[in-house]
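This briefing is for a reader who has not seen the structure before. Please look over the sequence and the model, then read the notes below.

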Amino acid sequence: MKKQSRTRGWRLDVSRLLVTLALTVAAILASGVAIAQTNYEPTKENLQARREFQDAKFGMFIHWGVYSVLGDGEWVFHNRKLAVDEYNRLPLFFDPEKFDAKAWVALAKAAGMTYITITSRHHDGFAMFDSKVSDWNIVQRTPYKKDPLKMLAEECHRQGIKLFFYYSQLDWHNPDYYPRGATSWDNGRPDRGDWNSYLDDYMDGQLRELLTNYGPIGGIWFDGMWDKPDADWHLAKTYALIHELQPAALVIPNHHQSPKPGEDAQEFERDLPGKNTAGFNTTYVTKQLPLESCDTLNESWGFNIADSKYKNPDELERRIVQAAGNDSNLLLNIGPMPNGEIQPEFATRLLAVGQWLSKYGDSIYGTRGGPIAPGDWGVTTQKENRIYVHVLNWSSPLLALPPIATKVVEARFMSDASPLHVTQSTDGVIVQVPKSNEVDRVIVLTVAK
Ligand code: FHN
């Protein structure tokens, strides 16, 4: 008897399992988008956009939101453990009457930056654009009442610079961001919420707005997934939506993990590719996708009135060179003030970098990582039949490099085009390194085609 009922129970379990399996397969089949994105084949436009992104090399990252009113960075909501009701007062003080899209874009260009990535919303969930999905946005909640992203997008199109939107998947404000993640605190939200609606209605709804109301955009820069690493973020659906609305728009995730299907670039926060000095990047570096490394001009992302640890132009130039030598872009952040102005400490440093790039840009823009692995001495970049040897840290008059496959026909010092002595053998290449007080002594090796 006992044996029989055990067998019947086992049969019931199997049929239950089969039904569950059938339902799961049906659900996956029904969501054709998810499957489509898993087998993601980037379009021709997307591949072209990836190449252009790799050529672009240097971008301006902008963290700007209602948090800037408090001058204490973009995490102030969380760091001060404010309640939602308290934070709700902040937009009332956000009136950036000095915001000038034209001046921002002009500054980026003068700095030699070729694209801009701006926070369309950060972890406070506050939309810095005109959103119909919720009234938690700049047009409806602030005395400013205007959409700065619209103005910025128009200006970027006018001045020929690509605009990317940072979008935080993490949300400290919306009750439907539930179950909450690692950064949650008791800020007065109810202990319930509709996660699927948060992703499918709220987030995808806003992404749809960003991808339809602002003309062609460079892509979406995601951040915050690390708050709930084990959650189902409906990525396939969201990525498919982005590529469907704008095939050339790049999906750039800052989830600190190896790339997933549907993503178009790999991001490294405050680190060069493959390094994990910041403590949260993966050391895996894809060979398939463009790479980007982001960092900030001082120590903060959003406006921080007390942060004066500005990197000097020499250091910034070094970072651009190291990024390029590691086959990566550098996305350099500034946090504008709540009145809309970019503080002079940022502007002057950026302009100095722009001066340097106007002279040495050929060794950076449009290049790829060179044939010689980066070392303590410096890095190489390459373009067509030129290898740029960037000597960042070397005091001797000669530099011995590993062998390279092509024949070096000429070596010149980039700063004054003077010819340099070079010898090449199967053991390697020895180049003369002139003395100079430049941060980056660039030697141009012309190789046989
Ligand atoms: O938490 C954010 C932080 O505020 C900032 O936006 C940076 C930019 O890369 N990303 C997150 C941390 O990973």
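Predicted model: local features only at pLDDT ≥ 70, side-chain atom pairs only at ≥ 80, totals over all residues.

**Glu 209**
- Glu 209 is part of helix H9, which runs over residues 195-212.
- Although Glu 209 is buried, it forms no salt bridge.
- Lys 132 has the nearest side chain of opposite charge, 6.5 Å from Glu 209, while a salt bridge requires a distance within 4 Å.
- Leaving aside residues up to four places away in sequence, Glu 209 touches Phe 129, Asp 130, Ser 131, Lys 132, Val 133 and Tyr 214.

**Glu 74**
- Glu 74 sits in the loop between strand S1 (58-62) and helix H4 (76-79).
- Glu 74 is buried and has no salt bridge; the nearest side chain of opposite charge belongs to Arg 270, 8.1 Å away.
- A polar atom of the Glu 74 side chain lies 2.8 Å from the backbone nitrogen of Gly 302.
- Not counting residues up to four places away in sequence, the residues that Glu 74 touches are His 63, Tyr 67, His 122, Trp 172, Trp 301 and Gly 302.

**Helix H11**
- Helix H11 has 13 residues (313-325), so at 1.5 Å a residue it should span 18 Å; its end C-alpha atoms are 18 Å apart, which agrees.
- Buried residues of H11 include Leu 316, Ile 320 and Val 321, and Glu 317 is also among them.
- The buried residues of H11 pack against S1, strand S8 (328-334), helix H12 (344-360) and strands S9 (368-369), S10 (378-383) and S11 (386-391).
- Asp 327 follows H11 and has a positive phi, near 65 degrees.

Methods:
Residues numbered from 1 in each chain as written. Heavy atoms only, no water. Helix = DSSP H or I, 4+ residues; strand = E, 2+ residues; numbered from the N terminus. Buried < 20%, exposed > 50% of the residue type's maximum accessible area, 1.4 Å probe, protein only. Lys, Arg positive; Asp, Glu negative; His and termini not counted. Contact = heavy atoms within 4.5 Å. Polar contact = N/O pair within 3.5 Å; in protein donor to acceptor, adjacent residues only side chain to side chain. Expected span 1.5 Å × (residues − 1).
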